[in-house]
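Please look over the sequence and the structure shown below. The paragraphs that follow lead from a loop to a helix and then to the core.

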Amino acid sequence: DGVDPLRVAWRERHYCQLAERGFHCARWLPLYRDEVHEDRLRPAEEIAGRLLALNTLFMYVSAPEDAVPTDSLRAFVERSQLIQHFTPSESEIWALPREQAHAEHADNIGWRLENMWVLAWMLGFETEPPFYQGQLPEDVIGAIVMGFANELDGDVGTFLSRVGLRPVDEIAEL
């Protein structure tokens with residue numbers, strides 16, 4: 001009652017796409033996050049901070065020292081106050097010596113890339129993440145990690161000055 005018909009249509013289309021792939025969704029989940037029935041995103045600074053934190057952690061674990069020096073990564077995290085955007089388990093990885101972080105987490109750090117793609121797209125990265133994707137293509141990974149989200153010489157503010165948050169309706173549709 002009182003729900004935007006477009007929102008109901010989106011949900012039904014999404015449920016059908018998921019069902020076609022064998023997923024079963026709870027149909028009782030609410031269509032809105034709050035009583036105001038207004039779609040709102042987190043502040044752009046939080047979205048950008050999370051993307052840049054994930055990108056920095058990914059480079060810390062997977063990039064070689066000669067390609068992306070540890071000092072540059074640590075200075076960027078400090079300057080941009082990215083610690084607040086790490087989860088507790090990510091903070092534990094960040095606290096490890098780089099060689100140990102690589103040895104213990106190189107095989108699973110790639111899972112962060114899926115989140116990074118969506119966050120980057122929200123902030124204007126051109127390539128839209130597909131609804132259903134296997135392993136991320138190498139060209140997309142490189143374009144995000146070493147291109148779009150590579151802000152090591154600046155900070156979150158510098159990054160935000162060159163990107164733009166997509167409209168909330170476009171994000172909600174995806």
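A residue is called exposed when its relative accessible area is over 50%, buried when that area is under 20%, and partly exposed in between. This model is predicted. In it, Gln 81 has a relative accessibility of 54%, and therefore counts as exposed. Gln 81 belongs to the loop that joins α3 and α4. Its phi is near 55°, which is a positive value in a residue other than glycine.

Gln 81 follows α3, and that helix can be taken next. The buried residues of α3 are Thr 70, Leu 73, Phe 76, Val 77 and Ser 80. Viewed down the helix axis, the buried residues of α3 fall within an arc of 130°, so they line one face of the helix. On the face turned away from this buried side, α3 carries the exposed residues Asp 71 and Glu 78. What do the buried residues of α3 pack against? Their partners are α2, α4, α5 (98-105) and α8.

The largest nonpolar core has 44 residues, and the members that touch the most others are Leu 51, Met 116, Leu 123, Ile 144, Phe 148 and Phe 159. Two or more residues of this core come from each of α2 (44-62), α3 (70-80), α4 (88-95), α6 (111-122), α7 (138-148) and α8 (156-162). The largest share, eleven residues, is given by α2.

Which residues does Leu 123 contact, leaving aside its neighbours within four places in sequence? Leu 123 is in contact with Ile 47, Ala 48, Leu 51, Phe 148, Phe 159, Leu 160, Val 163, Gly 164 and Leu 165. Among these contacts of Leu 123, Leu 51, Phe 148 and Phe 159 are also listed with the core members that touch the most others.

Leu 6 lies in helix α1, which spans residues 5-20. Is Leu 6 buried, exposed or partly exposed? Its relative accessibility is 46%, so Leu 6 counts as partly exposed. The C-alpha atoms of Leu 6 and Val 145 are separated by 35 Å, and the two residues are 139 residues apart along the chain.

Methods:
Residues are numbered from 1 along each chain as its sequence is written. This is a predicted model: local features need pLDDT of at least 70, side-chain atom pairs count only at pLDDT 80 or more; totals for chains, interfaces and linings use all residues. Side-chain values use heavy atoms; hydrogens and water are left out. Helices (H or I, at least four residues) and strands (E, at least two) are DSSP runs, numbered from the N terminus. Buried means under 20% relative accessible area, exposed over 50%, partly exposed in between (1.4 Å probe, protein chains only). A nonpolar core is a set of buried Ala, Val, Leu, Ile, Met, Phe, Trp, Tyr and Cys residues joined through side-chain atoms within 4.5 Å. Contact means heavy atoms within 4.5 Å. The arc is that of the directions from the helix axis to the C-beta atoms.
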